[in-house]
Amino acid sequence: MMRQGSGGRLPRFSLPEVLPLRRVLLRLVGAVAVMLAVLIGVAIAGMVVTAQEYRDGERLAVARQSAANQVLVDLLNAETGSRGYTLTGRGDYLNPYTAAKARYATDLADLKGLLANEPGLEQRIAATEQAAKSWFDEAIDLVRLRRLGRGREAIARISDGTARRLFGDFRKAQAAILDEVDRLRDRSMASADGRRTITLAAICAAAVLALAMIAIAARQLWRRVGGPAALLAEGVGRVAGGRFSEPVPEAPTAVRELAELTEGFNEMQRQLIDERQNVAAAARREAAQQTERRLWEIVQSGLLPSSLPILAGMRIAARYQPAEPSLLIGGDFYDAKVLRDGRLALVVGDLAGHGAAAAARAAGLRFGWRTLLEVDPEPGAVMAALNAQAGGPEERAEGLFASMLYALIEPSGAVSYTAAGHPPPLLLVDDACWALNLGPGGPLLGVFDDAEWPVSRLEIPPGSTLVFYTDGLIEARKGLDLFGTERACALLVDERRVALEARIERLVEAARRHDDEHLRDDVVVLAVERIAEVAPLASGVTDPSHEVAPAG
């Protein structure tokens with residue numbers, strides 16, 4: 001108990017009631033240590049839980065998007081197969097249709113599993129399933145009509161646009177699923193942000209309590225403990241306000257324990273920033289890798305032939321090089337086919353845009369080209385039919401126009417070709433090379449409903465090479481300096497004694513080096529060389545089943 005001293009002196013404390021300074025400091029420091037341990041534990045636990053919610057939300061969103069896009073790929077493959085079979089009656093078109101139809105049920109079930117217990121998504125998957133069913137019903141009817149020999153009736157039904165409209169309904173329903181997935185991901189991120197705010201608020205509350213306990217100490221104790229603790233509390237407040245980049249400043253007068261605590265908090269803050277960045281980067285990498293894999297599958301199955309034909313007296317080689325910076329597959333494609341009469345048909349095309357939509361439409365043009373060769377392979381007729389295929393309202397609205405160069409080569413070396421807004425081919429003869437003059441040419445595919453594509457003719461001399469390419473080759477640039485046809489011709493002349501496959505490989509590599517070691521656009525090079533001397537065969541054409549894989 002306190003007692004009043006005589007002579008106006010300050011009150012004195014009885015020994016039993018006065019705690020030694022050391023004990024007071026030990027208790028105070030012990031209490032503060034406990035509070036700060038709780039503070040650190042809450043911070044770590046809260047940030048770990050928040051980071052886990054970020055990861056789980058991103059992974060679920062990526063899985064849902066992947067499943068939804070796989071269902072789209074199934075219907076794209078089914079649509080291509082059913083249309084090809086209906087138009088041509090060829091049974092090999094049923095393979096992709098049958099395979100896609102078989103995969104669709106499994107992929108749809110996977111998608112339903114990922115979207116379960118989400119009313120908004122369940123409604124949208126039901127709408128998507130109904131739209132897909134309607135399209136499959138129409139496709140089954142078309143295939144049935146073709147099998148019954150009612151091909152004209154089936155083609156008429158394709159022309160009236162019912163199948164296209166039903167497929168468009170499916171695309172809209174699938175897009176609605178993706179929109180809802182994005183909305184749910186945003187909601188999950190908002191929930192995680194709320195949890196993080198609560199965690200940081202708890203940290204602030206613990207820090208304030210610690211400061212209140214320190215405030216009862218003497219001025220020296222405050223200068224060595226309270227001041228540094230206040231700086232630490234300000235740092236926690238900044239974290240609560242979302243400013244993670246400002247560390248807690250060091251206090252020169254702080255006791256060792258608080259100095260170490262400040263350093264630990266700053267390290268925890270740095271680790272939190274690194275963790276958030278790592279989680280976001282991992283999600284972006286995963287999404288980019290899945291996108292790249294899906295698009296490469298589209299390229300391999302739709303834009304590029306699995307092999308090139310072998311033709312007596314001719315060598316054929318091709319190279320496909322995708323653009324390197326964006327990882328998005330574009331609409332460049334090529335193909336080659338030996339017709340029944342021994343002529344070699346070649347095509348190189350470039351559909352504007354990047355991504356799955358452009359690649360799918362480019363694949364449709366390539367399959368359409370192969371189909372038309374069976375009907376009428378003449379260049380003008382083929383271009384007109386492909387223009388009708390590429391010139392629908394949806395394609396024009398999206399600006400998906402295509403350039404194309406199509407050539408027919410006789411066994412004798414005579415060539416007839418036509419171009420739709422495409423760069424002219426290069427002709428290498430002995431030690432000279434130049435770009436052929438296409439004359440006025442024709443417009444891009446899909447721009448006009450009715451147009452004409454003039455047909456040019458020439459003859460490939462023995463030992464000469466005709467090179468087709470897309471504009472990504474000559475438009476490779478270093479600053480404003482384009483690679484151009486002159487550099488391409490110069491390299492072909494220099495490498496004229498090299499094998500054809502190695503020659504075009506070096507041509508593409510030279511363009512890549514000119515474009516600062518990476519190409520900004522996809523590049524396709526397709527070359528045909530007329531052999532100088534070749535022993536005649538009985539039929540003039542080897543068995544088309546003997547094929548070689550294209551370069552690239």
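The model is predicted: local features need pLDDT of at least 70, side-chain atom pairs count only at pLDDT 80 or more, and totals for chains, interfaces and linings use all residues. Residues are numbered from 1 along each chain as its sequence is written, and side-chain values use heavy atoms, with hydrogens and water left out.

**Overall make-up**

- The protein has 13 helices and 16 strands. Both are DSSP runs numbered from the N terminus: helices are H or I with at least four residues, strands are E with at least two.
- Of its 552 residues, 45% count as buried. Buried means under 20% relative accessible area, exposed means over 50%, and partly exposed lies in between (1.4 Å probe, protein chains only).
- The protein exposes about 27500 Å², and carbon and sulfur atoms supply 56% of that area. Areas come from the Shrake-Rupley method with a 1.4 Å probe; for residues, only the protein chains shown count as cover.
- Among contacts with a separation of 6 or more, 74% are between residues 24 or more positions apart. A contact means heavy atoms within 4.5 Å.

**Disulfide**

- The count comes to one disulfide, defined as a pair of cysteine sulfur atoms within 2.5 Å.
- The disulfide joins Cys 433 to Cys 489, with an S to S distance of 2.4 Å.
- Cys 433 lies in strand 10 (residues 432-435) and Cys 489 in helix 12 (residues 484-494), so the bond ties together parts that are 56 residues apart in sequence.
- The angle about the S-S bond is -55°, which makes the link of Cys 433 and Cys 489 left-handed.
- Cys 433 and Cys 489 are both buried.
- Cys 204 is partly exposed, at 21% relative accessibility.

**Salt bridges**

- Side chains of opposite charge can pair when their charged atoms come close.
- A search of the whole structure finds 31 salt bridges. Each is a side-chain nitrogen of Lys or Arg within 4 Å of a carboxyl oxygen of Asp or Glu.
- Arg 343 pairs with Glu 410, with the closest N and O atoms 4.0 Å apart. This pair links distant parts of the chain, 67 residues apart: Arg 343 is in the loop between strand 5 (330-338) and strand 6 (344-354), and Glu 410 is in the loop between strand 7 (402-409) and strand 8 (414-420).
- Arg 343 is buried at 12% relative accessibility, whereas Glu 410 is partly exposed at 30%.
- Glu 495 pairs with Arg 506, with the closest N and O atoms 2.6 Å apart. Glu 495 sits in the loop between helix 12 and helix 13 (500-514), and Arg 506 is in helix 13, 11 residues apart.
- Glu 495 is buried at 19% relative accessibility; Arg 506 is partly exposed at 40%.
- Glu 509 and Arg 513 meet in a salt bridge at 4.0 Å, N to O. Both lie in helix 13, four residues apart, about one turn of the helix.
- Glu 509 is partly exposed at 28% relative accessible area, and Arg 513 is partly exposed at 43%.
- A network of salt bridges links Arg 90, Asp 92, Lys 337, Arg 340 and Glu 374.

**Helix 1**

- Val 34 lies in helix 1 (residues 21-88). Val 34 counts as exposed because its relative accessibility is 51%.
- Val 34, Val 38 and Val 42 form a nonpolar surface patch, with about 220 Å² of accessible area together. Patch residues have over 30% relative accessible area and no salt bridge; like charges are joined within 9 Å, and nonpolar side chains (Val, Leu, Ile, Met, Phe, Trp, Tyr) within 5 Å.
- Arg 64 also lies in helix 1, but Arg 64 is buried at 7% relative accessibility.
- The side chain of Arg 64 reaches the backbone oxygen of Leu 114 at 2.9 Å.
- Leaving aside neighbours within four places in sequence, Arg 64 contacts residues including Leu 111, Leu 115, Glu 118 and Val 181.

- Val 429 lies in strand 9 (residues 426-429) and is buried at 18% relative accessibility.
- Val 429 and Gly 463 are 34 residues apart in sequence and 7.2 Å apart in space, C-alpha to C-alpha.
- Not counting residues up to four places away in sequence, Val 429 touches Trp 434, Pro 461 and Ser 464.
- Gly 313 is in the loop between strand 3 (308-309) and strand 4 (314-321), and is buried with a relative accessible area of 12%.
- Gly 313 and Ala 532 are 219 residues apart in sequence and 7.9 Å apart in space, C-alpha to C-alpha.

Key:
A polar contact is a pair of N or O atoms within 3.5 Å; within protein, one must be able to donate a hydrogen and the other to accept it, and residues adjacent in sequence count only if both atoms are side-chain atoms.
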